[in-house]
Amino acid sequence: KVYTRAELAQIRAAYTVERARYYIGRLIKSVTEVRTGAVNDINLNRWKEYEDIYTDSLWVVNRRDSTGAHHAGYWGNFIPQIPHQMMRRYTRPGDWVIDPFAGSGTTLIEARRLGRNCLGVELQAPVAERTRAQIAAEPNPHGIVTALANDDCLAADYRALLRAHGRESAQLVILHPPYYDIIRFSDDPRDLSNAASLDAFLAMLGTLVDRVGAVLDSGRYLALVIGDKYAKCEWIPLGFQAMNEVLGRDFSLKSIIVKNFEQTAGKRSQAELWKYRALVGGFYVFKHEYIFVFRKR
(Lines give C-alpha, C1' and ligand atoms only; values in the text may rest on other atoms or scores of the structure.)
Protein backbone atom coordinates (compact mmCIF):
# COMPACT_ATOMS: atom_id res chain seq x y z
CA LYS A 1 0.00 0.00 0.00
CA VAL A 2 2.82 2.40 0.85
CA TYR A 3 4.47 1.59 -2.48
CA THR A 4 1.22 2.14 -4.42
CA ARG A 5 0.53 5.45 -2.68
CA ALA A 6 4.01 6.69 -3.53
CA GLU A 7 3.61 5.68 -7.18
CA LEU A 8 0.21 7.40 -7.41
CA ALA A 9 1.70 10.55 -5.90
CA GLN A 10 4.43 10.49 -8.55
CA ILE A 11 1.80 10.15 -11.29
CA ARG A 12 -0.12 13.13 -9.93
CA ALA A 13 3.07 15.19 -9.80
CA ALA A 14 4.09 14.42 -13.39
CA TYR A 15 4.59 17.54 -15.51
CA THR A 16 3.54 15.98 -18.82
CA VAL A 17 0.93 13.48 -20.01
CA GLU A 18 3.70 11.40 -21.56
CA ARG A 19 5.56 11.13 -18.26
CA ALA A 20 2.31 10.33 -16.41
CA ARG A 21 1.59 7.51 -18.87
CA TYR A 22 5.06 6.13 -18.29
CA TYR A 23 4.49 6.10 -14.53
CA ILE A 24 1.06 4.48 -14.96
CA GLY A 25 2.56 1.75 -17.13
CA ARG A 26 5.24 1.12 -14.53
CA LEU A 27 2.63 0.92 -11.76
CA ILE A 28 0.54 -1.59 -13.75
CA LYS A 29 3.65 -3.76 -14.26
CA SER A 30 4.47 -3.59 -10.56
CA VAL A 31 1.11 -5.06 -9.59
CA THR A 32 0.66 -7.53 -12.44
CA GLU A 33 4.17 -8.84 -13.26
CA VAL A 34 7.08 -10.23 -11.28
CA ARG A 35 10.54 -9.69 -12.75
CA THR A 36 13.50 -11.19 -10.94
CA GLY A 37 17.17 -11.60 -11.72
CA ALA A 38 19.06 -14.85 -12.15
CA VAL A 39 20.31 -15.26 -8.58
CA ASN A 40 17.65 -13.88 -6.22
CA ASP A 41 13.91 -13.40 -5.79
CA ILE A 42 13.94 -9.60 -5.65
CA ASN A 43 11.04 -8.29 -7.73
CA LEU A 44 12.69 -5.63 -9.86
CA ASN A 45 9.30 -4.23 -10.82
CA ARG A 46 8.88 -3.23 -7.17
CA TRP A 47 12.50 -2.44 -6.37
CA LYS A 48 11.62 0.61 -4.30
CA GLU A 49 10.08 -1.65 -1.64
CA TYR A 50 13.45 -3.19 -0.75
CA GLU A 51 14.62 -0.42 1.54
CA ASP A 52 16.22 -2.96 3.88
CA ILE A 53 18.63 -4.27 1.23
CA TYR A 54 21.98 -2.50 1.07
CA THR A 55 23.32 -1.42 -2.31
CA ASP A 56 26.06 1.00 -1.22
CA SER A 57 29.68 -0.03 -0.70
CA LEU A 58 29.94 1.57 2.76
CA TRP A 59 28.07 -0.20 5.55
CA VAL A 60 27.70 1.65 8.83
CA VAL A 61 26.04 -0.84 11.15
CA ASN A 62 25.94 0.45 14.70
CA ARG A 63 24.33 -2.53 16.39
CA ARG A 64 24.46 -6.25 15.67
CA ASP A 65 21.23 -8.20 15.40
CA SER A 66 20.91 -10.06 18.70
CA THR A 67 17.38 -11.37 18.22
CA GLY A 68 16.38 -15.02 18.41
CA ALA A 69 19.25 -17.49 18.67
CA HIS A 70 21.92 -14.94 17.76
CA HIS A 71 24.46 -14.02 20.40
CA ALA A 72 27.81 -12.24 20.56
CA GLY A 73 29.43 -14.65 22.98
CA TYR A 74 31.74 -16.29 20.45
CA TRP A 75 34.95 -14.31 20.11
CA GLY A 76 35.44 -13.15 16.54
CA ASN A 77 32.00 -13.90 15.10
CA PHE A 78 30.58 -11.49 12.54
CA ILE A 79 27.32 -9.58 12.66
CA PRO A 80 24.23 -11.43 11.35
CA GLN A 81 23.49 -8.56 8.99
CA ILE A 82 26.35 -9.68 6.72
CA PRO A 83 25.06 -13.17 5.84
CA HIS A 84 21.52 -11.75 5.80
CA GLN A 85 22.42 -9.24 3.12
CA MET A 86 24.48 -11.72 1.12
CA MET A 87 21.68 -14.29 1.04
CA ARG A 88 19.07 -11.68 0.12
CA ARG A 89 21.16 -10.43 -2.80
CA TYR A 90 22.67 -13.68 -4.08
CA THR A 91 20.25 -16.53 -3.34
CA ARG A 92 16.65 -17.59 -3.75
CA PRO A 93 14.57 -19.49 -1.18
CA GLY A 94 15.63 -23.13 -1.20
CA ASP A 95 19.15 -22.42 -2.50
CA TRP A 96 22.19 -23.86 -0.73
CA VAL A 97 24.76 -21.80 1.18
CA ILE A 98 28.10 -23.07 2.51
CA ASP A 99 29.91 -21.53 5.48
CA PRO A 100 33.24 -23.31 6.13
CA PHE A 101 33.89 -21.25 9.30
CA ALA A 102 30.57 -21.83 11.02
CA GLY A 103 31.68 -20.76 14.50
CA SER A 104 28.62 -19.83 16.54
CA GLY A 105 26.28 -20.52 13.61
CA THR A 106 25.46 -16.96 12.55
CA THR A 107 25.08 -17.87 8.87
CA LEU A 108 23.05 -20.99 9.60
CA ILE A 109 20.65 -19.11 11.87
CA GLU A 110 20.10 -16.46 9.20
CA ALA A 111 19.57 -19.21 6.61
CA ARG A 112 16.79 -20.66 8.76
CA ARG A 113 15.10 -17.29 8.93
CA LEU A 114 15.36 -16.69 5.18
CA GLY A 115 14.45 -20.18 3.97
CA ARG A 116 17.87 -21.02 2.55
CA ASN A 117 19.49 -24.41 3.12
CA CYS A 118 22.90 -24.12 4.74
CA LEU A 119 25.90 -26.38 5.25
CA GLY A 120 28.35 -25.27 7.92
CA VAL A 121 31.75 -26.69 8.82
CA GLU A 122 33.38 -26.18 12.22
CA LEU A 123 36.80 -27.51 13.20
CA GLN A 124 36.40 -27.57 16.99
CA ALA A 125 34.12 -30.32 18.27
CA PRO A 126 32.99 -28.50 21.47
CA VAL A 127 32.12 -25.39 19.44
CA ALA A 128 30.21 -27.49 16.90
CA GLU A 129 28.22 -29.17 19.68
CA ARG A 130 27.23 -25.86 21.29
CA THR A 131 26.40 -24.33 17.93
CA ARG A 132 24.08 -27.19 16.96
CA ALA A 133 22.10 -26.54 20.13
CA GLN A 134 22.08 -22.83 19.37
CA ILE A 135 20.78 -23.38 15.83
CA ALA A 136 18.10 -25.75 17.10
CA ALA A 137 16.79 -22.93 19.30
CA GLU A 138 15.96 -20.90 16.18
CA PRO A 139 12.54 -21.71 14.63
CA ASN A 140 12.60 -23.37 11.21
CA PRO A 141 9.35 -22.18 9.59
CA HIS A 142 10.53 -22.99 6.06
CA GLY A 143 11.58 -26.56 6.86
CA ILE A 144 15.04 -26.09 5.37
CA VAL A 145 18.27 -27.98 6.13
CA THR A 146 20.83 -26.45 8.48
CA ALA A 147 23.58 -29.04 8.72
CA LEU A 148 26.77 -28.53 10.71
CA ALA A 149 29.73 -30.84 10.15
CA ASN A 150 32.56 -31.10 12.67
CA ASP A 151 35.41 -31.23 10.15
CA ASP A 152 38.52 -29.52 8.86
CA CYS A 153 37.37 -27.01 6.24
CA LEU A 154 40.60 -27.55 4.28
CA ALA A 155 40.01 -31.29 3.96
CA ALA A 156 36.22 -31.59 4.04
CA ASP A 157 34.57 -33.34 1.10
CA TYR A 158 31.98 -30.68 0.28
CA ARG A 159 30.51 -32.72 -2.55
CA ALA A 160 29.88 -35.66 -0.24
CA LEU A 161 28.41 -33.39 2.44
CA LEU A 162 25.98 -31.95 -0.11
CA ARG A 163 25.14 -35.35 -1.57
CA ALA A 164 24.05 -36.48 1.89
CA HIS A 165 21.16 -34.06 1.35
CA GLY A 166 20.54 -34.93 -2.28
CA ARG A 167 22.50 -31.99 -3.69
CA GLU A 168 25.49 -31.72 -6.01
CA SER A 169 26.33 -28.02 -5.69
CA ALA A 170 25.78 -24.79 -3.77
CA GLN A 171 24.69 -21.34 -4.85
CA LEU A 172 26.56 -19.15 -2.35
CA VAL A 173 29.71 -19.45 -0.25
CA ILE A 174 30.37 -17.18 2.72
CA LEU A 175 33.89 -17.15 4.14
CA HIS A 176 34.73 -15.47 7.43
CA PRO A 177 38.17 -16.88 8.21
CA PRO A 178 40.43 -15.88 11.08
CA TYR A 179 42.26 -12.66 10.34
CA TYR A 180 45.48 -14.67 10.36
CA ASP A 181 46.78 -14.74 13.97
CA ILE A 182 44.93 -11.76 15.48
CA ILE A 183 42.73 -14.20 17.43
CA ARG A 184 43.98 -17.71 18.15
CA PHE A 185 40.85 -19.84 18.07
CA SER A 186 42.47 -23.15 19.05
CA ASP A 187 45.73 -25.04 19.34
CA ASP A 188 44.93 -27.16 16.28
CA PRO A 189 47.58 -26.78 13.55
CA ARG A 190 44.81 -27.12 10.95
CA ASP A 191 43.27 -23.90 12.24
CA LEU A 192 44.08 -20.98 9.91
CA SER A 193 44.76 -18.80 12.96
CA ASN A 194 47.75 -21.06 13.68
CA ALA A 195 49.33 -20.72 10.25
CA ALA A 196 53.12 -20.67 10.50
CA SER A 197 53.40 -17.45 8.47
CA LEU A 198 51.35 -14.98 6.50
CA ASP A 199 52.24 -16.81 3.28
CA ALA A 200 51.12 -20.07 4.87
CA PHE A 201 47.82 -18.48 5.90
CA LEU A 202 47.17 -17.25 2.36
CA ALA A 203 48.06 -20.66 0.93
CA MET A 204 45.60 -22.32 3.31
CA LEU A 205 42.91 -19.85 2.29
CA GLY A 206 43.66 -20.61 -1.36
CA THR A 207 43.31 -24.33 -0.71
CA LEU A 208 39.92 -23.74 0.87
CA VAL A 209 38.73 -21.62 -2.06
CA ASP A 210 39.79 -24.41 -4.44
CA ARG A 211 37.87 -27.03 -2.49
CA VAL A 212 34.68 -25.15 -1.77
CA GLY A 213 34.74 -23.34 -5.10
CA ALA A 214 34.56 -26.71 -6.86
CA VAL A 215 30.97 -27.18 -5.63
CA LEU A 216 29.84 -23.60 -6.27
CA ASP A 217 27.75 -23.20 -9.41
CA SER A 218 29.19 -21.10 -12.21
CA GLY A 219 27.83 -17.58 -12.20
CA ARG A 220 27.16 -17.71 -8.47
CA TYR A 221 28.83 -15.80 -5.67
CA LEU A 222 31.46 -16.12 -2.96
CA ALA A 223 31.70 -13.52 -0.17
CA LEU A 224 34.91 -13.12 1.82
CA VAL A 225 34.73 -11.18 5.10
CA ILE A 226 38.14 -10.18 6.42
CA GLY A 227 40.08 -7.28 7.92
CA ASP A 228 43.64 -6.05 7.94
CA LYS A 229 46.36 -6.55 10.54
CA TYR A 230 48.91 -4.39 12.32
CA ALA A 231 52.22 -5.88 13.43
CA LYS A 232 55.71 -4.57 14.20
CA CYS A 233 54.69 -0.97 13.50
CA GLU A 234 53.45 -1.89 10.03
CA TRP A 235 49.96 -2.05 8.51
CA ILE A 236 49.56 -5.41 6.77
CA PRO A 237 46.88 -5.28 4.03
CA LEU A 238 45.62 -8.75 4.84
CA GLY A 239 42.24 -8.09 3.25
CA PHE A 240 43.66 -7.24 -0.16
CA GLN A 241 46.21 -10.04 0.01
CA ALA A 242 43.33 -12.46 0.68
CA MET A 243 41.38 -10.85 -2.17
CA ASN A 244 44.26 -11.53 -4.56
CA GLU A 245 44.40 -15.13 -3.40
CA VAL A 246 40.80 -15.62 -4.50
CA LEU A 247 41.35 -13.72 -7.75
CA GLY A 248 44.11 -16.18 -8.56
CA ARG A 249 41.33 -18.74 -8.98
CA ASP A 250 38.39 -18.80 -11.38
CA PHE A 251 36.65 -15.79 -9.84
CA SER A 252 36.02 -12.19 -10.84
CA LEU A 253 35.61 -9.35 -8.35
CA LYS A 254 32.13 -7.81 -8.24
CA SER A 255 32.32 -5.51 -5.22
CA ILE A 256 34.46 -4.34 -2.32
CA ILE A 257 32.33 -3.34 0.67
CA VAL A 258 33.83 -1.45 3.59
CA LYS A 259 31.99 -2.12 6.85
CA ASN A 260 32.54 -0.12 9.99
CA PHE A 261 34.07 -2.17 12.78
CA GLU A 262 33.26 -1.25 16.34
CA GLN A 263 36.10 -2.29 18.61
CA THR A 264 35.74 -4.99 21.23
CA ALA A 265 34.34 -4.07 24.62
CA GLY A 266 37.87 -4.01 26.01
CA LYS A 267 39.10 -1.54 23.40
CA ARG A 268 36.00 0.64 23.76
CA SER A 269 36.79 0.99 27.48
CA GLN A 270 40.34 2.06 26.55
CA ALA A 271 39.44 4.49 23.76
CA GLU A 272 41.66 7.25 25.13
CA LEU A 273 44.61 4.89 25.47
CA TRP A 274 44.21 3.72 21.87
CA LYS A 275 44.06 7.31 20.67
CA TYR A 276 47.29 8.03 22.53
CA ARG A 277 48.94 4.94 21.04
CA ALA A 278 47.84 6.00 17.55
CA LEU A 279 49.27 9.47 18.00
CA VAL A 280 52.56 8.11 19.32
CA GLY A 281 52.84 5.33 16.75
CA GLY A 282 51.72 7.32 13.72
CA PHE A 283 48.96 4.85 12.81
CA TYR A 284 45.16 4.90 12.64
CA VAL A 285 43.01 2.66 14.85
CA PHE A 286 41.17 -0.02 12.90
CA LYS A 287 37.51 0.86 12.39
CA HIS A 288 36.65 -1.17 9.31
CA GLU A 289 36.76 -4.55 7.65
CA TYR A 290 36.05 -5.71 4.11
CA ILE A 291 33.43 -7.81 2.38
CA PHE A 292 34.80 -8.91 -0.98
CA VAL A 293 32.14 -10.24 -3.32
CA PHE A 294 33.33 -12.57 -6.10
CA ARG A 295 31.50 -14.23 -8.96
CA LYS A 296 32.57 -17.64 -10.17
CA ARG A 297 33.26 -17.70 -13.88
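Leaving aside neighbours within four places in sequence, which residues is M86 in contact with? In this predicted model, local features need pLDDT of at least 70 and side-chain atom pairs count only at pLDDT 80 or more, while totals for chains, interfaces and linings use all residues. Residues are numbered from 1 along each chain as its sequence is written, and side-chain values use heavy atoms, with hydrogens and water left out.

With those neighbours set aside, M86 touches W59, T91, L172, I174, A223, I257, I291 and V293, contact being heavy atoms within 4.5 Å. M86 also belongs to the largest nonpolar core, which has 68 residues; such a core is a set of buried Ala, Val, Leu, Ile, Met, Phe, Trp, Tyr and Cys residues joined through side-chain atoms within 4.5 Å. Buried means under 20% relative accessible area, exposed over 50%, and partly exposed in between (1.4 Å probe, protein chains only). Along with M86, the residues with the most contacts inside this core are I98, Y158, L175, F201 and L224. Helix α7 gives the core its largest share, eight residues; helices (H or I, at least four residues) and strands (E, at least two) are DSSP runs, numbered from the N terminus. In soluble globular proteins, nonpolar side chains tend to be buried together.

S193 is buried, with a relative accessible area of 0%. Beyond its neighbours within four places in sequence, S193 is in contact with P178, Y180, D181, I183, R184, F185 and S186.

Turning to strand β9, I256 is found there and is partly exposed, at 32% relative accessible area.
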